Amino acid sequence: MGIFIPKFSANVIYFTEEILFSIYKKGVKEIRVHGRGGQGVVLASEIFVSALIKEGKHAACFPYFGFERRGAPVVGFIRFDEKPIRQKDQIYRPDCLVVMDETLFKAVSIYQGIKENGILVLNEKRDLAEITIPSGIRTVGIVDATRVSLDLTGNFIPNTAMLGALCRTTDWVKIHSLIKSLKENFEQKLLNKNIQMIQRAFEETKVYNLGGDSKWH
Amino acid sequence: MALKSPYQAPLGKELYVIKTGEWRFQKPVVSKEKCTRCGICLIFCPTNSIKEGEASYEADLETCKGCGICVNECYAGAVTMEVERKG
Amino acid sequence: MSPRKTPKKVVNGNMAAAYGAMLSRPTVLAAYPITPQTPLVEYLSRFISEGLLKAEMVEVESEHSALSVLHGACLAGGRVFTGTSSQGLALMYEPYIRTSTLRLPMVMAIANREVISPQSVWGGQQDAVTLRDAGWIQIFCENNQEILDSVIMGYRIAEDREVLLPVNICYDGFYLSHMSEGVEIPSQKKVDQFLPAFGIEHIKLDPEEPMSVDPLTPGDLLTEYRFKHVEAMKRAKKVIDQVDGEFQSFFQRGYGGQVETYRIDNADLLIVTMGSSTGTAKVAVDLAREQGIGIGLLKIRTLRPFPSERMVEAIQGKKAIAVIDRNVCFGWGTGVVFMEMKAAMGPLARGIAILNYIGGLGGSDITVEHILKIIRKMDRIKDKDFKQVTWLGVEDV
């Protein structure tokens, strides 16, 4: 087929040995952000990294895209830890998946590699009951980021709202660190709107703790 | 080595049209009264989605990705973007 | 974790190179955008318009013109900087070969991108390694902090009286150029102390001291100039190590100079990397060490001049070496670093199993899993019957 889909697991065969899982017990957290070009995946990743660094952690992120076009699938890889991040490869076993555009599920195999007891952060207006969640997911955070973005800016750029949802679902960074990073990345005109978006999304995010078998407890 | 391509040099023989219509969240709506049929929107459309219709130029929603360039370029101001929510 | 003195800024590889250039106070810049280096040109323009960088950015219509402009500026006594990638570097080839043979000290960033065909915008080291015999010093970086620091060190190395050669600072496209991480930006004051003002003496366009620059040269003189160029490259090895040591004492950060060794003591296996895959390999080495495997890592920082002496030091006592190449050496059927290492090892290669893994081409990934498999393969090598070259991602390791 001619279409290019970000294939980040070309011919990698997952080890089942202890050696590999010891990486993941070492404290590195890996997040994979899925979105489309123009939705702010790259900027959101950078703001998240910036917030973590303000809190004294080490973090790194980079994007991967097939076509560099508005609308084409984009993936953002974020790693953070107490120690410097040395890995420079893509993320195959994310602890957390952030999906900014629900139409992506048709085009990209989003759930590939997510770890047992992983976390999902979804941009959805549906209820959890209507969504198929793969087994093994422990936590799901849902927010209608599209609505937040359309209401507050008239545009479909859900990245800031998704940051609020990510913060609320995982608690891996404090919201005021994110807001401080926003201040460095946005000029006054858009800054207030973005702060409102992140705060509203933070409040509106519903976090569900599943038992690891996709049932809502 | 398991080779995926039968060719010696990089080339492609199949035409695959990417479903860019699935990318959009807003669609262009053309006012038939205002449209002057100048064709500027057709020239600028990056996905080649604008087609000549009966009363005005229109976007083919199979491929239109909702970028809004046609709105930006239309001299007559005949195109507006309308938000559509997908489930 | 010790408290940091300077707050870290989140920058990507291109911005790190731009900061490094800004702090080095060049006076003339000329660059043409090409993915993945485009943001570098944009950041430099922004620095100039914000008054942070007092330089003139000459708008050129191609990379060929960009470097030609800088030739003139350098000869006229200005410190210069530019950046490019892949096909841009190819277009720049004509003035590129001339820069080193004319002994013009300058620094150029290369955001390594695969040369086309096949059509690609993603990372691969082919662009820089294809030009390794053009006489430039080539330094490959592992992370963004190293990019920033290497640009500053690059000027020290290039402008050293014993060297007087141009320097390439190479970093992997997308994997480093677009990777955002925390980087300490040194203060202008400190960099000014480390890097003295630029002044060109050995060849210049100066009305006070008129000379013809690059006249038609007969064979015996040409041979002499080539010899001097070669000698300068040899001296550069020592200078690179020296400058790194000085940088370490100024800024408390060092990179080992020509090579960096990681956990090579008590190791009988060795992984050799160049570029961003080093970071990933270090993680794999740590994991393997936990399993009791005696593995170490050698990071080649300078491809040119090739660090033969320090490489030979590092391979002492090793029974198997795996070289991971993000490039191809056509004609040898191996990667470039593999071929260079074998050439440098000479008779020392007897008795050591040396394997080559070509991967990461065209933006494909070199993962921790790949390297762990390579380590396991090396650990189990019984005799000399092994496949010398394996293509990662296309063949099984």
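In this predicted model, Pro118(C) is placed in the loop that runs between strand S5 (107-112) and helix H6 (126-130) of chain C, and the peptide bond that leads from Ser117(C) into Pro118(C) is cis, with an omega near -5°. A cis peptide bond is also found from Thr35(C) to Pro36(C), where omega is near 0°; Pro36(C) belongs to the loop between strand S2 (28-30) and helix H2 (38-49) of chain C.

Other loops of chain C hold residues with positive phi. Arg25(C), which lies in the loop between helix H1 (13-23) and S2 of chain C, has a phi near 55°, a positive value in a residue that is not glycine. With 18 C-beta neighbours inside 10 Å, Arg25(C) counts as partly exposed, since a residue is called buried at 20 or more such neighbours and exposed at 12 or fewer. Asp214(C), likewise not a glycine, has a positive phi of about 60° and is located in the loop between helix H8 (188-194) and helix H9 (219-251) of chain C. Because 11 other C-beta atoms lie within 10 Å of Asp214(C), this residue is classed as exposed.

Nine of the 12 residues of H13(C) are buried, so the helix is largely enclosed by the rest of the structure.

Chain A contains seven helices and seven strands, which follow one another along the sequence in the pattern α-β-α-β-β-β-α-β-β-α-α-α-α-β. Of its 217 residues, 48% count as buried, and among the contacts in chain A between residues at least 6 apart in sequence, 63% join residues at least 24 apart.

The strands of chain A take part in a sheet that continues into chain C. Nine strands form this open sheet, in the order S7(A)-S6(A)-S5(A)-S4(A)-S1(A)-S3(A)-S2(A)-S8(C)-S1(C), and their pairing is mixed. Strand S7 (206-209) of chain A and strand S1 (8-12) of chain C stand at the edges, each with a single partner strand, so that one side of each is left without a neighbour in the sheet. On average, and with direction ignored, neighbouring strands of the sheet are turned by 20° against each other. Within chain C, S1(C) is joined to S8(C) by five bridges, and these strands run antiparallel; here Lys8(C) stands opposite Glu184(C) in S8(C). Across the chain boundary, two bridges join S2(A) to strand S8 (residues 180-184) of chain C, again in an antiparallel arrangement, and Ala60(A) has Glu181(C) as its bridge partner in S8(C).

The contact between these chains takes 27 residues from chain A and 27 residues from chain C. On the side of chain A that touches chain C, the elements that give two or more residues are helix H1 (18-24), helix H2 (41-54) and strand S2 (58-65) of chain A, and S2(A) gives the most, with seven residues. By residue class, this side of chain A divides into 16 nonpolar, six polar and five charged residues.

Chain B has two helices and four strands, which run β-α-β-β-α-β from the N terminus on. The radius of gyration of chain B is 17 Å, well over the 12 Å that the globule rule gives for 87 residues, so the chain is more spread out than a compact globule. Along its principal axes, the C-alpha trace of chain B spans about 60 × 35 × 20 Å. Buried residues make up 28% of the 87 residues, while 67% of the contacts between residues at least 6 apart in sequence join residues at least 24 apart. Glu82(B), in strand S4 (residues 79-83) of chain B, is exposed, with 9 other C-beta atoms within 10 Å. When residues up to four places away in sequence are not counted, Glu82(B) touches Gln26(B), Lys27(B) and Val29(B). Although Glu82(B) and Gln26(B) are 56 residues apart along the chain, their C-alpha atoms are separated by 5.2 Å.

How values were computed:
Residues are numbered from 1 along each chain as its sequence is written. Chains are lettered from A and ligands numbered from 1 in the order in which they are written. This is a predicted model: local features need pLDDT of at least 70, side-chain atom pairs count only at pLDDT 80 or more; totals for chains, interfaces and linings use all residues. Two residues are in contact if their C-beta atoms, placed from the backbone, lie within 7 Å. Ala, Val, Leu, Ile, Met, Phe, Trp, Tyr, Cys and Pro count as nonpolar, Asp, Glu, Lys and Arg as charged, and the others, Gly among them, as polar. Two strands pair if DSSP finds at least two bridges between them. The radius of gyration is taken over C-alpha atoms; the globule rule is 2.2 Å times the number of residues to the power 0.38. Axes are lines fitted to C-alpha atoms, for helices over the stretch in contact, and angles run from 0 to 180 degrees between N-to-C directions.
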